[in-house]
Amino acid sequence: MARRAALVLAAALLASSALTGCSTQGPAAGPSSGAGAGRGGTITLGFSQVGAESGWRTANTKSVQEAAKKAGIDLKFSDAQQKQENQIKALRTFIQQKVDVIAFSPVVESGWDTVLKEAKDAGIPVILTDRAVDTKDTSLYKTFLGSDFVKEGRSAGEWLTGAYANEPGPVNIVELQGTTGSAPANDRKAGFAEAIRGDGKFKIVASQSGDFTRAKGKEVMQAFLKSQKDIDVLYAHNDDMALGAIQAIEESGKKPGTDIKVISVDGIKDAFVAMTEGKINVVVECNPLLGDQLMELAKKVVAGENVPPRVETEEGVFPQDKAAAALPSRKY
Ligand code: AHR
């Protein structure tokens, strides 16, 4: 009986919230009543993007913008230009604007608790998109939508151990890390290290951030080529850095893919073209086309429906010999 009474009360509160446009919910307890959902049924989604650092990111932005349009969601889009402080400002603006739901792709993993608590106190649910945050309090967000970056790193390492199974070693590896402190950089590094740990012939001789950009990837690879006499393998945490590094390798008179094996992550078209040219040996896919799933989740959390704590995308591994067949159907 008590449960039934509570349900009736909750329904009444919800109805009154819809009429007045004011939240009657406790902190992040259920449906929010931000600017749109409370008035005319249109959901307003505040989305804070990392930046435009890579081909992956551009495809992700396009996917989110197109999916919002298709779903009839009012999207407030903000580009953080790879800076956490800009993202925190954007999230605070979304809170002031009383959006119905916030989604963001955190530049780095740590330092989010305060602003996420502010969103929670305002009754605005948060969806982590693509990248996770490092917090003990998982009530600060509703769900995570994206990839398993540790698995991606592991797949890269497993390809390498397979490719060199019959080689004596040592195998000298240089690593181009993503943005320092970001989830994909931390996790891809950890997954890769885990996969090669079992065989002492694999040695990471240099590892540095190229900030997920082509220009930085080239610059850091030039430095690696100067400081390291024997480089057998480049492991780049994304395609853009790999493509920048390929230019540096070619300018040094070496053949990428042959003299130095190249392993990369993402699967943008340019990387598939480079594979067909023999310049990249394997690409571990990371899917940026998260827009439709994000809109579905946004609708659900605004409606107060339960959502899984983690929604992972399915991804493949593409060695060079599969590139030509796969290239025509690449969507990003
Ligand atoms: O968070 C996903 C990563 O961010 C992609 O691998 C990279 O290209 C992007 O910048």
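## Strands β9 and β10

S264 stands opposite V283 in β10. Strands β9 and β10 pair in the parallel sense over four bridges; two strands count as paired if DSSP finds at least two bridges between them. Helices (H or I, at least four residues) and strands (E, at least two) are DSSP runs, numbered from the N terminus. Together with helix α9 (residues 269-276), β9 and β10 make a right-handed β-α-β unit. A crossover is right-handed if, with the strands pointing away from the viewer, the path from the first strand over the helix to the second runs clockwise.

This is a predicted model, in which local features need pLDDT of at least 70 and side-chain atom pairs count only at pLDDT 80 or more, while totals for chains, interfaces and linings use all residues. Residues are numbered from 1 along each chain as its sequence is written, and side-chain values use heavy atoms, with hydrogens and water left out.

Buried means under 20% relative accessible area, exposed over 50%, and partly exposed in between (1.4 Å probe, protein chains only).

β10 also pairs with β12, in the antiparallel sense over three bridges. The bridge partner of V282 in β12 is P319. The charged end of R330 sits over the ring of F318, 5.1 Å from the ring centre; this label requires NZ of Lys or CZ of Arg within 6 Å of the ring centre and within 35 degrees of the ring normal.

## The mixed sheet

β9, β10 and β12 belong to an open sheet of six strands with the order β7-β6-β8-β9-β10-β12 and mixed pairing. Its edge strands, β7 (202-209) and β12 (317-319), each pair on one side only. The twist averages 15° from one strand to the next. Axes are lines fitted to C-alpha atoms, for helices over the stretch in contact, and angles run from 0 to 180 degrees between N-to-C directions.

Helix α8 (residues 239-251) packs on this sheet, touching β6, β8, β9 (261-266) and β10 (282-285), and its direction makes about 155° with that of β9. Contact means heavy atoms within 4.5 Å. Strands β6 (residues 171-177) and β8 (residues 233-236) run parallel and are joined by four bridges; V174 stands opposite L234 in β8.

## The parallel sheet

Another open sheet of six strands has the order β2-β1-β3-β4-β5-β11, with parallel pairing. The edge strands here are β2 (74-79) and β11 (310-312), each pairing on one side only. Neighbouring strands are turned by 20° against each other on average, direction ignored.

Strands β1 (residues 44-49) and β3 (residues 101-104) pair in the parallel sense over four bridges, with S48 opposite F104 in β3. Helix α3 (residues 84-96) packs on the sheet and touches β1, β2 and β3; its direction makes about 175° with that of β1.

## Aromatic pairs

A search of the whole structure finds five aromatic pairs. Rings of Phe, Tyr and Trp (its six-membered ring) pair if their centres lie within 6.5 Å; planes under 30 degrees apart count as stacked, over 60 as edge-to-face and the rest as tilted.

The Y164 and F202 rings have centres 6.4 Å apart and planes at 85°, so the pair is edge-to-face. Y164 lies in the loop between α5 (149-163) and β6, and F202 in strand β7, 38 residues apart. Both residues, Y164 and F202, are buried. For F192 and Y235 the ring centres are 4.0 Å apart and the planes at 15°, so this pair is stacked. F192 is in helix α6 (residues 183-196) and Y235 in strand β8, 43 residues apart; F192 and Y235 are both buried.
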